[in-house]
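Student: Could we go through this structure and check the terms used for it against their definitions?
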Amino acid sequence: MNYHAFLLWWSRTFTMTIKELKQLIRDPVLLLIIAYFFTIDVYMAGSGINLSLRNASIMAIDHDHSPASRELIYRFRPPYFDFKGDISGKNEAEERLNKGQILAVLDIPENFQRHLLQGQAETVQFQVDTSNTVLGTLATTYAMQITADFGRDFVGKQTGLNSDTMEALPVIQNRYRVLYNPNRIDSWFMSIMELLTVITMLSMMLPAAAAVREKERGTIEQLAVSPLSSLQILLPKVISMGLVILFGVAVCLFLIIIPLFHLPVKGSISLFFAVTALYVFTASGIGLFIATISQSLGQVTMLVILLMMPILLLSGAWAPPETMPHAMYLAMTVSPLYYYNEMTYAILLKGAGIDILWDSILELSGLGVVFFNFGIWHFRRQF
Amino acid sequence: MGEASLVDKQAVINITGFCKRYKKKLAVNAVDLTIQRGEIYGLIGPDGAGKSSLMKAIAGVLSFEQGTLDVLGVTIDSEASAEKIKGRLGFMPQGLGLNLYGDLSVEENIDFFAQLREVQPEQLDQRKDKLLGMTRLDKFRERPMKNLSGGMKQKLGLICTLIHQPELVILDEPTTGVDPVSRRDFWAILAELLQEHNITALVSTAYMDEAARFNRLSLMYNGQILAAGTPDAISQQAKGCLIELTAEPQLEALKQLKIHYLQIETIGSRIRVFADNTSVNAGVKTVTDLLAGVKIKTIRAFDAALEDSFIALLRQRPLTDQTQKDNSIPRFDKPLPDDKSIAIEAKQLTRDFGKFRSVDHINFSVKQGEIFGLLGANGAGKTTAIKMLTGILPPSEGEGQVAGADMRKAGQLIKERIGYMSQAFSLYLDLTVMENIRLFASIYGVDRKTLKQRIDWVINIAGLAEVIGQLAGSLPMGIRQRLALGCALIHQPGVLFLDEPTSGVDPIGRRQFWDILVHLARVEQVAILVTTHYMTEAEHCDHLVLMYAGRVIADDTPTTMIESLQNEAGQLLEITTDKPLQALTLLEKENFKGVALFGKHIHLLALDVKRVKKQISELLTKHSIKLLEITAQTPTLEDVFVYRVLALENKELT
């Protein structure tokens, strides 16, 4: 390609990109949607959704009515539990659990205190609504911990040991250190996860919408008879929409996630943007493929929703790859979000640099080239 | 409009002082209209004249600000009153098959509309069979609507509108984008159905030559009724006559006449002038006297048909701001070489879609400076042929040369050398006129030095100076098409492909459009390949090819085509009787050739004019139908088209 032809190629691509941006600016509804996703949507995900046990409502059937039983019940308290009072019997407990009014019921048998004082083993029953597995599991774990502590303290008092002398006993203590997110703030994880979901969706959606709109309005025909190649028709859509998405990511990061959720950015922001650009390019390849097989904007939307599910599932964000069945584990290795997800957390929270991430970057680039070329190739074939 | 001022109890529609406003824009302004039972009433006018608004208000789907509107004896003044008459009327909105469901079959569409209208099942079956039979759609009952041709879609639309036997049907441009054969078919079916059930019809159209199909009509412009009455009466309202001449050199004659006349056009080798306030007798002399240094070969004067009258009427009343436009259309900045080499050539070009052969070994060639018309019914393969020649679609077989490059090998080169304008408006509606032009200038690689000059040239040639900053979406159809042409010309190509460029554009817009095309061909030697459903436009072409089922069935100049029809089938007889519909049935039964109803007149073809005239007169007298007039005329291109296509269709049926 000589110099003149090269200039012409870029000048064409440039004007087409400007055209796409102009069209987007004149579409207030679409602009509003994009703005919503990068601000309110991410904020809601970060502030609203919480994965820890907070104020779980609990009630007790106390058959014993002794100081010991009251002491145990008293230990189920905020922030984890919220004791709502006593109930009469099993029937009421079942009813309340069925209705979802409470999360758990603690059942303390008669002679609870007497047996303990006699040095006999005693059991309490803990009924948990585990329809939400995360909450159910957490409640059970905390309840076990609380009961165990109670038992230890009770025995300690019996044998005349106070808290100071307890320390002297040979007890193994489990001390842990939390890395990367020391206070275990869910909003960091949640808001970043939501941001990645938004990026994935818009990177597929926006270029696909821009391409299918040309189809719907018949303008694609005019472009097809012009000296533009398929690449020149499609690349500007990816470039322009990619710029819009990167801008949105910047807004989201600097106006929502960092100031509102106090995310400490450990790694290089520019590396994060570079990786994001690479990912947008890869996902837009899928978008172009969607645009080729769709005839209308409605179809594009449905297909994006359809593809979002497996992409998120295979991203490794909700379940680590090791827990997946083997076939799905293999599918994850061709899922671009898997690499991007891993790199995002690594850069933002762990402060990883290119020296650690180079292999993921290479793999994502490889996928990008394949997906994008597939999109273009498919687009060319439809005429 | 004497009859409109009286409140007529018998009238199906009675409108006085009707006004409709969209925000600040007055769409319909003080319209009075009365339509009698059993009439086919036409509304004709350019886009934005207010036809659709008026029709929607009558159908009760649009509110209005002023005036009274009585439909079927009910005064429409609220949504509740509009609801009362909805069961008694049928409304078919503008656009091919827009009110139908593409994925439903023909029969499912009909059933759906019948259920919507609560037609009883027994009645439905009976009516459906009859209507499907009449429209010859019964073979396609199972076919999804989206796979029908344009003409068939409109016929199905008509069935769905008529399935509940309304007293009044309102059809908004039912024939736009439909080929002449299907159009003629549509009108015949409509006339028959309306007659049978005494249905009244209000129909709008963009085809002036269809005006003859109406009993009465109104010409609308800018929200007002310009003229109303029978087609003949309206033609006579424009004072003046048409003069048609051929002269050498044509360009010189044109230049001299343009000084004196505003309404002038060239049709192939002929020049056609509308001379205001000149009688037919004086016309020839007046024009001859104006020409100096030009050899006049033939010249004749005659009464104008509706299209020319309409334009003349607009000019004669100070409604338009049609100031005399600058006559000098700007030239190419790099004129094409003045040679008559071949610009487009198709050799045995073929394209298959699966088992279906869309284009079947077609051959033709177009020289530089020639306007070449590609005619054919919807689905005859014209668009596919153009797509192959422009390099969008690879051919299955055969080869082609376009602008000096091989179509199969040098697609990219061809794309740089041609201009293309497609059927639907295919520019960006959300960009302004200027932005559209700039975008295409960049796509076609117009270099920076000539950019400004070239943009000015496009604005000038397409007459876009006043709308330069407006969004393309806000422009009326006629101007949009000129913008599309302007963008197709930005790189001053030597070859131009136009696929139904004027579909849905009003007569004035079409004329301005063709003025530009004729200039490009004659002055700049651009080769132009154009497809159209307007047969009056086909007359502008130097050369015509008629396609049928993917094949070329006729290839000649328009004049020769008409002559060969005359040799084969004879003259066109126009018969006027007092009972046109009975006469029509009678003549059809007696197997006369090409019988068709045009409003009150019947057209047919006859070789031996004298003998046929005598035959008809005897036949009609025998059935006590009064023959008012019978005249022989030269057949038009539409007659050629319909005759040729029907002949083949009939051959395939037997």
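Tutor: What follows is a set of questions and answers on a predicted model.

Student: Why is T200(B) called buried?
Tutor: A residue counts as buried if 20 or more other C-beta atoms lie within 10 Å of its own. T200(B) has 22 other C-beta atoms within 10 Å, so T200(B) is buried. T200(B) lies in strand β8 (residues 200-205) of chain B.

Student: Which residues is T200(B) in contact with, leaving aside its neighbours within four places in sequence?
Tutor: They are V12(B), I35(B), R37(B), G38(B), E39(B), E167(B) and L168(B). Contact here requires C-beta atoms within 7 Å. As for S218(B), 18 residues along the chain from T200(B), the two C-alpha atoms are separated by 16 Å.

Student: How do you know whether chain B agrees with a compact globule?
Tutor: By the radius of gyration: for 654 residues a compact globule would have a value near 26 Å, and chain B has 25 Å, so chain B agrees with the rule. The C-alpha atoms of chain B fill a box of roughly 70 × 60 × 60 Å along the principal axes. Of the 654 residues, 48% count as buried. The secondary structure of chain B comes to 22 helices and 28 strands.

Student: What does the globule rule give for chain A?
Tutor: A compact globule of 383 residues would have a radius of gyration near 21 Å, but chain A has 29 Å. The C-alpha trace of chain A spans about 95 × 45 × 40 Å along its principal axes. In chain A, 34% of the 383 residues count as buried. Chain A has 15 helices and four strands.

Student: How is chain A divided, and how far apart do the C-alpha centres of its domains lie?
Tutor: Domain 1 of chain A takes 3-49 + 184-381, and domain 2 takes 56-167. Their C-alpha centres lie 49 Å apart.

Student: What makes up the side of chain A that touches chain B?
Tutor: Chain A brings 19 residues to the contact, and chain B brings 21 residues. On chain A, the elements that give two or more residues are α1 (3-25) and α9 (219-224). α1(A) gives the most, with seven residues. By class, this side of chain A has six nonpolar, seven polar and six charged residues.

Student: Why is strand β22 (residues 527-531) of chain B described as largely enclosed?
Tutor: Five of the five residues of β22(B) are buried, so the strand is largely enclosed by the rest of the structure. A527(B), L529(B) and T531(B) point one way, I528(B) and V530(B) point the other way, and all are buried.

Student: What makes strand β21 (residues 495-499) of chain B and β22(B) a pair?
Tutor: Two strands pair if there are at least two bridges between them. β21(B) and β22(B) have five bridges, in the parallel sense. L496(B) stands opposite I528(B) in this pairing. Strand β17 (residues 371-376) of chain B also meets the definition, with four bridges to β22(B) in the parallel sense. There, I528(B) is the bridge partner of I371(B).

Student: Why are β16 and β19 (405-406) of chain B called edge strands?
Tutor: β16(B) and β19(B) are edge strands because each pairs on one side only. The open sheet has four strands in the order β16-β15-β18-β19 (chain B), with antiparallel pairing.

Student: How do strands β15 (residues 342-353) and β16 (residues 356-367) of chain B pair?
Tutor: They pair in the antiparallel sense over eight bridges, against a cut-off of at least two. A346(B) stands opposite F364(B), and I344(B) has V366(B) as its bridge partner. The two strands form a hairpin with two residues between them, and G354(B) in the turn has a positive phi of about 60°.

Student: Which residues touch the most other members of the largest nonpolar core?
Tutor: Of its 267 residues, these are A208(A), I58(B), I170(B), L202(B), L483(B) and I528(B). Helix α8 (residues 186-217) of chain A gives the most to this core, with 17 residues. A second, separate core of 19 residues includes A56(A), A60(A), A93(A) and A104(A).

How values were computed
Residues are numbered from 1 along each chain as its sequence is written. Chains are lettered from A and ligands numbered from 1 in the order in which they are written. This is a predicted model: local features need pLDDT of at least 70, side-chain atom pairs count only at pLDDT 80 or more; totals for chains, interfaces and linings use all residues. Two residues are in contact if their C-beta atoms, placed from the backbone, lie within 7 Å. Ala, Val, Leu, Ile, Met, Phe, Trp, Tyr, Cys and Pro count as nonpolar, Asp, Glu, Lys and Arg as charged, and the others, Gly among them, as polar. Domain bounds come from an automatic or database domain assignment. The radius of gyration is taken over C-alpha atoms; the globule rule is 2.2 Å times the number of residues to the power 0.38. A residue is buried if 20 or more other C-beta atoms lie within 10 Å of its own, exposed if 12 or fewer, and partly exposed in between; C-beta atoms are placed from the backbone. A nonpolar core is a set of buried Ala, Val, Leu, Ile, Met, Phe, Trp, Tyr and Cys residues joined through C-beta atoms within 7 Å.
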